[in-house]
Amino acid sequence: MVKNTLYFQDDPHDDEIKRLYDAVVEEYEGTEVGYYHLPKSTVVTEIKVFCDSYDFDAKGIKNVAILGIGGSSLGTKAIDSLLKNSGVRNNKNLLFFENVDPTEIAKNLDSLKLEETFFIVISKSGSTIETTSHLKFLLHHFQLDFESEAFKTQFVFITDEGSPLDRFGDEFGVKRFYIPTNVGGRFSVLSAVGLLPLCILGYDIEKLLNGAATLCDSFFAKKEDEICKKALFYGVNAEERPINVLFSYHSAFSDFNDWYVQLWAESLGKIDLDGTRVGLTPVGLIGSVDQHSFLQLIIEGRQDKSVTLVKVEDFSQPLEIPDIRLPYLESTDYINGNSFATLINAQCDATMQSIKDQNVPVDLIEVSKLEEESVGYLIFYYELLTSLTGIVFNINTYDQPGVELGKKILKKKFSN
């Protein structure tokens, strides 16, 4: 399903791997970090019952609108993009009210009809300023009061139990789903945050969780040393290699790259327990497009990067390059008759070899096919890698004091 091969020169000792493993087991068995247990959460049953009983098709729902930002939207967007062409998705339109850019809001409204839209409002804290601002705007735009039938039946809230948003929904009879208190927003895509919209779109959310559970079970059975070695390499070499590049050879990974950037940056950019600033700067690239730009920087620029290449074996698309000879362009004929999938994967291999030849640390993630199980595995893989790297950095991986500082400054600006 998913295979990770490391091409690092450094190989940590077994005792280092054991110490790291023991530390993450302590997190797993504790009560403060809850995302480890989402693959086996019972919320999937509640969501499936809700979706079956609501009967979106009978109600004429054509649009699913998510009001949420950061961890409340990026994961869902990533999974939908990866699975969109898998053949299981229905034709409902998924759109996001994320940024408070008025141009983007107006564009979303162009073809949005109230009677055709189901709204999912997501805020872990229950008071995210972008999300509540969008909610206020849409209620005003569609002239909905809190007692209206459309508000009670076409809006769902996903939040922490007892949050301001939860209390609001409770007072006016809006359906709520809860994010476990010990699951942070950027680690929440395998909770109701992602599972509800993905279920409405027709994906098999049980298979998604099964893929995540496959890695979770294997790791905690001590069968996944490679991921520990990778985290140790990142932590030990962070000063020399402070930039981590995710180079994905499939266009569907563009939103996944964005999700990784948030997960990596917000989790690992911290001041450690000794007062030292640490972190790895994440960069998301798409092959083969970015071969023609960023690869030059990797090969001949400063040697301050590590690179992860992602390769998909089965594109489920047999398009071939025709055996046509173009005058003066005979030098390109060597690729004639091959599939585009063969070409892009050969480009991935060539890129990896060129990077290895320059002694740049590189590893390869091979995905057999983009389907629910493999995508669930990938999501959990990067969440787990983030946790492991945070342990090596000696930080609190799950808070975000830098983000909270900006929120406080924003509130003060509007309060004066």
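Predicted model: local features only at pLDDT ≥ 70, side-chain atom pairs only at ≥ 80, totals over all residues.

Residues are numbered from 1 along each chain as its sequence is written, and side-chain values use heavy atoms, with hydrogens and water left out.

Select everything and colour by secondary structure: you'll get 15 helices and 12 strands, read as DSSP runs (helices H or I, at least four residues; strands E, at least two) numbered from the N terminus. Along the principal axes, the C-alpha atoms fill a box of roughly 65 × 60 × 45 Å. Of the 416 residues, 53% count as buried, meaning under 20% relative accessible area with a 1.4 Å probe, protein chains only.

Next, pick β1, residues 2-7. Val2, Asn4 and Leu6 make up its covered face, while Lys3, Thr5 and Tyr7 sit on the uncovered one. Zoom in on leucine 6 and you'll find its bridge partner in β12, aspartate 363.

Now for the largest pocket, with a volume of about 730 Å³. A pocket here is an open set of points on a 1 Å grid over the protein atoms alone, where a 1.4 Å probe fits, with protein on both sides within 12 Å along at least five of seven lines; lining residues have an atom within 4 Å of a point. The volume is the space filled by probe spheres set on the points, which are joined across faces, edges and corners. Select Gly184, Gly185, Arg186, Glu266 and Gln400, the closest to the centre among 34 lining residues. Then show α15 (401-415), which gives the largest share of the lining, 3 residues.

Definitions and conventions
Buried < 20%, exposed > 50% of the residue type's maximum accessible area, 1.4 Å probe, protein only. Pairing = 2+ DSSP bridges.
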